[in-house]
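Let's take a walk through this structure together.

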Amino acid sequence: MITYCIITAFLNAVSGFVLGLAVLIKDPRRTENRTLAWFTVSFVAWSWFYLMWQLSATEADALLYAKLLAGASIFIPVTYFHFVSRLAGRDDHVEILLGYLAAIGIGIISFSPWLVRAVEPAMMFPFWPKAGPMFWVYISVFLYFVVRAWMHLYTAYRSSTHLRHKQLGYVYFSTVIGWVGGLTNF
């Protein structure tokens with residue numbers, strides 16, 4: 001199982017990097033391309049720290065990478081929401097700003113024991129992260145922005161036609177699969 005996690009983390013980091021770079025290079029002036037690129041940056045950072053956590057040989061290294069992956073991963077739903085808001089043509093400036101402020105705050109506390117307090121053996125993993133007392137805040141922010149993004153996508157999908165309908169449907173379908181796969185980490 002650990003080998004599977006190592007391989008998928010590496011593939012996630014590489015494919016996320018390639019996707020983000022390709023979209024940004026195609027047209028860096030488009031807001032949707034820039035916000036998708038930031039979404040992939042947060043995803044690649046999480047994937048990389050996840051990979052390093054899996055490769056950790058010591059408890060101290062594993063704890064450091066668990067804290068880093070938690071701090072990086074909180075930006076994934078916020079940057080996803082930002083991307084979806086722009087893709088759906090919504091003006092959610094305040095909500096986006098609050099999301100980034102929350103992500104920065106959670107990213108800062110990720111270095112304390114409040115988010116990830118320790119790592120210890122669990123299942124087949126030698127260093128499984130144990131949640132700290134503020135982990136519920138992390139989960140709440142995470143879920144809020146994922147659900148809000150899905151709501152925006154669904155609303156835009158329902159009111160769109162033809163090519164735009166297909167585009168939004170593809171984004172909705174593919175990202176839901178990604179989120180469901182990512183939820184296996186919880």
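**Starting from the aromatic rings**

Phe39, Tyr80, Phe135, Tyr138, Phe142 and Trp179 come together as one aromatic cluster. The structure holds 13 aromatic pairs, where rings of Phe, Tyr and Trp (its six-membered ring) pair if their centres lie within 6.5 Å, with planes under 30 degrees apart counted as stacked, over 60 as edge-to-face and the rest as tilted.

Before we go on, a word on what you are looking at. This is a predicted model, in which local features need pLDDT of at least 70 and side-chain atom pairs count only at pLDDT 80 or more, while totals for chains, interfaces and linings use all residues. Residues are numbered from 1 along each chain as its sequence is written, and side-chain values use heavy atoms, with hydrogens and water left out.

Now step back to the fold. The protein has seven helices and two strands, counted as DSSP runs numbered from the N terminus (helices are H or I with at least four residues, strands are E with at least two). Along the sequence these elements follow the order α-α-α-α-α-β-β-α-α.

How does the radius of gyration fit a compact globule? For 186 residues such a globule would come near 16 Å, and the protein has 17 Å, which agrees; the radius is taken over C-alpha atoms, and the globule rule is 2.2 Å times the number of residues to the power 0.38. Along the principal axes, the C-alpha atoms fill a box of roughly 50 × 30 × 25 Å.

Of the 186 residues, 42% are buried; buried means under 20% relative accessible area, exposed over 50%, and partly exposed in between (1.4 Å probe, protein chains only). Contact means heavy atoms within 4.5 Å, and among contacts between residues at least 6 apart in sequence, 64% join residues at least 24 apart.

Let's visit some buried residues in the helices. Ala13 sits in helix α1 (residues 2–26) and is buried at 8% relative accessibility. Not counting residues up to four places away in sequence, Ala13 touches Val44, Ser47 and Trp48.

Move on to helix α2 (residues 31–55), the place of Gln54. Gln54 is buried, with a relative accessible area of 10%, and touches Ile2, Cys5, Ile6 and Phe125, leaving out residues up to four places away in sequence. Thr35 also belongs to helix α2. Thr35 counts as buried at 5% relative accessibility, and its contacts, apart from neighbours within four places in sequence, are Thr79, His82, Phe83 and Arg86. Between Thr35 and Val116, 81 residues apart along the chain, the C-alpha separation is 28 Å.

Which backbone angle deserves a look at Met123? Met123 has a positive phi of about 50° although it is not a glycine. Met123 lies in the loop between β1 (116–122) and β2 (125–131), and is exposed, with a relative accessible area of 66%. His162 likewise has a positive phi of about 50° without being a glycine. You will find His162 in helix α7 (residues 162–183), where His162 counts as exposed at 70% relative accessibility.

Finally, consider charge. The protein has 13 positive and 8 negative side chains, and the centres of the two sets lie 9 Å apart. Lys and Arg count as positive and Asp and Glu as negative, with His and the chain ends not counted; each charge is placed at NZ of Lys, CZ of Arg, CG of Asp or CD of Glu.
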